[in-house]
Structures are given as structure tokens and as C-alpha cells.
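The following paragraphs go through one protein model, beginning at a single residue pair and widening from there. Please keep the sequence and the coordinates at hand.

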Amino acid sequence: MAPPTPMRSGEVPTPPRPEASSDPYAAHLLALIEAAGDLSSWSDALAVAGAIWPDSYHLNPARANVLRTLPLPAHATVLELGARAGALTRYLGETSAAVDALELDPAMAAVAAARCADLGTVQVHVGWLDAVPDEPAYDVIVAIDVLGEIDDSGMTLESFLARCRGLLRPNGLVVMAVDNSQGVGILLGGSTPKLPISGAPRATARSASELVSAARATGLGSTTLSAFPDHRHTQVLFSHERLADVAPALLAEVPKFQNPPLAHPHLDPDAERQRWLAQLGDGSANGHASSIILLASNDAMPLLEDAAAFWSLGRAAAQSACNRIRTEDGAPVVIRDRAFPDAPPIDFPLRLHPHTVQVVDGFPLVRFLISETNLAQARALLMTWSKLVDEAATDDKPVPWDLIPRNILVLPNGTMH
């Protein structure tokens, strides 16, 4: 049984029954949810159903990656602002004690309620921040893609965060994710995507410095994280300062610039990568990630154990990996585990084996081959790789999938790892 909150007194409207919705797109999403059967935050059925950008925004399991490795307190009471169709609401409902989710669009709120219908922890409400009773009742406030609502309500970032602070319990945390107005893509002339949500045709963004300044002005301690290719289908999430301290070479390697199929023209990902590498070279990259996640607390900031986390995308849930980079015994390591540990296993020849390995500095084999102009040298590299595969291919154990060329590093002494 979810703990009571002021919003559950019945004064804030709950969404209409899904069948009462007259919005064609909401009805389309409802049909996909009902046909999927599996409503979980890792649902393979919904991942497949969300093949195009608008549906993927509302249904894809990667939508919750922006939250999965954050230091959210166990058994938290959560307020979510801008629930949309409930992709993040579902994840929060699976991992928190209670979730009050607000969505301004009644039709979309009905979809979110349907997505979380089997969770007793979640209650979806129609409304915005002004509908929340002014009491410190929440451990976490989640605000993803709500710059449009903030602007429409006449609030500033400062007044928004001040209102959130008044709703937090001691040691409370605000999690806010936005497109970065100083991101490498926007600096190259790109734009943010048009969100497939009612009443939000505009593209809005803020910089990391704007978010931090707003938090400071309201008395909140804060830190920011960087997300690539963005905060909606996050593949990489990291603290720039922590990663620069733990494994600085990975600042050049972990960002991913290949965006999902957005509903607008976007840049060649290689142009974004080259801009990022140039900024790393001159020391100006910090603050220029594609998306910024603000963590703001009314007390001491929670400990960030991970310098970075990155996920495999486009796989079945049982085969999806989450990789965390942190320091153990003074050395940087990568901890690989299942991204969705509660997802049931599938009958498939590939198996994900959780393990921990030390970070190794080297040059990616595939990039090495692309840049190699000497055919004999390229052939020698491929023969060295082939030997690695032969050594691993025994009758009594499977060949590690990590031996595919894109996962191989060429070390400074010419050996491979």
C-alpha cells in the first residue's frame, strides 16, 4: 500500500477513463499499450511498438535511462511533473514507495494511468505544479521536458525551483532534464526536437550554467550530469568532472552522437563528434553535452558512486547491458550488469555475463583500421585479432561476444585487449 500524500485527498482531478478520450493520438497510444500486454518499464513489446519517433518518445524503455543510475533514495515518495504517456512514471512506480504524477493534457494523463494500471504505488493527476498542496511531502521531484510548462505558467527557472524546494522533505532531491542550449549540436546549427506532446510545438533549451544559477538562487545545492545523445533516449550519462578524474580518456570515447529518428532534420553525428573532440582538446567541453541533468538538493548532495553509465540500446531487455564506470581500490573499473534485472530471460544463444574489469587505455581497432593506409599493417592487425578469436574458441566454453572488432582495443605496445 502506497503511503498517503496531500494530493491523494481527492481534490486534484484524476484522468478520465481511457475510453473517454477523444484525442486520436492518445487513443493510438492506448491501443499499443493494450496490445502489448507487458506494461513494465523494460517491455520488449512496447519497445517494438514504438518504432517511430513520436511513439518511441512515449513508450521506449530507454526513456527511463536518465533516472536508472541516479542516487534516488529507496522507498521514496515521488512527485513527477509532466508524466506524458507514463514511460518514466512506470519506472518510478516500480522502484518507489509512492508516485504522484501530474500531466496537464487529460488525454495523455489517461494513457499514463493505463500504463501504470497494475501498480498500486502510482496515482496520475491532471494538472500542473500549482495543483500540488503546499506541503513538504516528497523525497524526489522529477521534471523531465517541462520547460514548455514552466514558460506557459509564467514561471522562471528560479520560481519553479523555489516552488519545488517548498515541496521537498529534508534531504529531498529535484531531478530536471533539459536540452542544452550550449550543446555541441546546437552550437553547430542544429535544433532540439519537436516533442510529440499536446501544447508543446516549440523547442526550448537551457544551459548548465542557467540551471545551476537558478538552483543557487533558491538555496539549493546542485550538480549537473551530461547525457548523450540526449536525455530522452539516453545511452551515456556521466559527471564530466568525475569522469575527467577517474578515466579522462573516456571523455572522448563514451559520448554517442547518433540520434534516434527525430521528427526534424539533424546534424551528421560525425560533425558533432569532431566538435566535441575539439572542445576536449582546448579544455572547453564541460557544459556542452547534448542534454543536461540537474540534481538539486535542499540538503547535502547524495553521493554519486558512478562517474559514468552507458547502456546498450536496441536489444531485447534480457540482453541489454548497463555499464557503470567508477573507482574501486584506487583503480577505474567498468561494472557490467543487466540493464533490466527483473526482465525474464529469453531462449537465445547469447548470454549476458555480469562482470567487473579495469579500464584499459587503447585505440579502438575499427578506428585504427579506418585510418590505416598501409595494407600490410592493416592485414597484420586483422591477423592479431583473428588469433584472439581462435584462442577463445574452445569446445568447452562459448566465444565472448566482446571479441567483435568494434569492442577491441589496440594497446600502445601493439597487443590487443
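This is a predicted model: local features need pLDDT of at least 70, side-chain atom pairs count only at pLDDT 80 or more; totals for chains, interfaces and linings use all residues.

Methionine 176 stands opposite leucine 294, a residue of strand β8.

How many of the residues of β8 are buried? Strand β8 spans residues 291-297, and seven of its seven residues are buried, which leaves the strand mostly covered. The burial holds for both faces of β8: Ser291, Ile293, Leu295 and Ser297 point one way, Ile292, Leu294 and Ala296 point the other way, and all are buried.

Strand β2 takes in residues 98-103 and is linked to β3 by five bridges in the parallel sense. Within that pairing, leucine 102 has histidine 125 of β3 as its bridge partner. Strand β3 consists of residues 122-126, and four of these five residues are buried, so the strand is largely enclosed by the rest of the structure.

Is asparagine 65 buried or exposed? Its relative accessibility is 1%, so asparagine 65 counts as buried, the cut-off being under 20%. Leaving aside residues up to four places away in sequence, asparagine 65 touches Thr234, Trp311 and Leu313. Between asparagine 65 and glycine 148 there are 83 residues of separation in sequence and 22 Å in space, C-alpha to C-alpha.

Two aspartates have positive phi values. Aspartate 145 has phi near 60°, a positive value in a residue other than glycine. Aspartate 145 is found in the loop between β4 (138-144) and α7 (147-152), and counts as buried at 7% relative accessibility. For aspartate 329, phi is near 55°, also positive in a residue other than glycine. Aspartate 329 sits in the loop between β10 (321-328) and β11 (331-338). Where aspartate 145 is buried, aspartate 329 is exposed, with a relative accessible area of 85%.

The whole chain can now be considered. The protein has 15 helices and 14 strands. Its radius of gyration is 22 Å, close to the 22 Å given by the globule rule for 417 residues, so the protein is as compact as a globular protein of that length. Taken along the principal axes, the C-alpha atoms fill a box of roughly 75 × 50 × 45 Å.

Burial and contacts can be given for the chain as well. Of the 417 residues, 51% count as buried. Among contacts between residues at least 6 apart in sequence, 69% join residues at least 24 apart. The accessible surface comes to about 18600 Å², and carbon and sulfur atoms account for 55% of that surface. The protein carries 30 positive and 47 negative charges, and the mean positions of the two sets are 3 Å apart.

Notes: Residues are numbered from 1 along each chain as its sequence is written. Side-chain values use heavy atoms; hydrogens and water are left out. Helices (H or I, at least four residues) and strands (E, at least two) are DSSP runs, numbered from the N terminus. The radius of gyration is taken over C-alpha atoms; the globule rule is 2.2 Å times the number of residues to the power 0.38. Buried means under 20% relative accessible area, exposed over 50%, partly exposed in between (1.4 Å probe, protein chains only). Contact means heavy atoms within 4.5 Å. Accessible areas come from the Shrake-Rupley method with a 1.4 Å probe; for residues, only the protein chains shown count as cover. Lys and Arg count as positive and Asp and Glu as negative; His and the chain ends are not counted. The place of a charge is taken as NZ of Lys, CZ of Arg, CG of Asp or CD of Glu. Two strands pair if DSSP finds at least two bridges between them.
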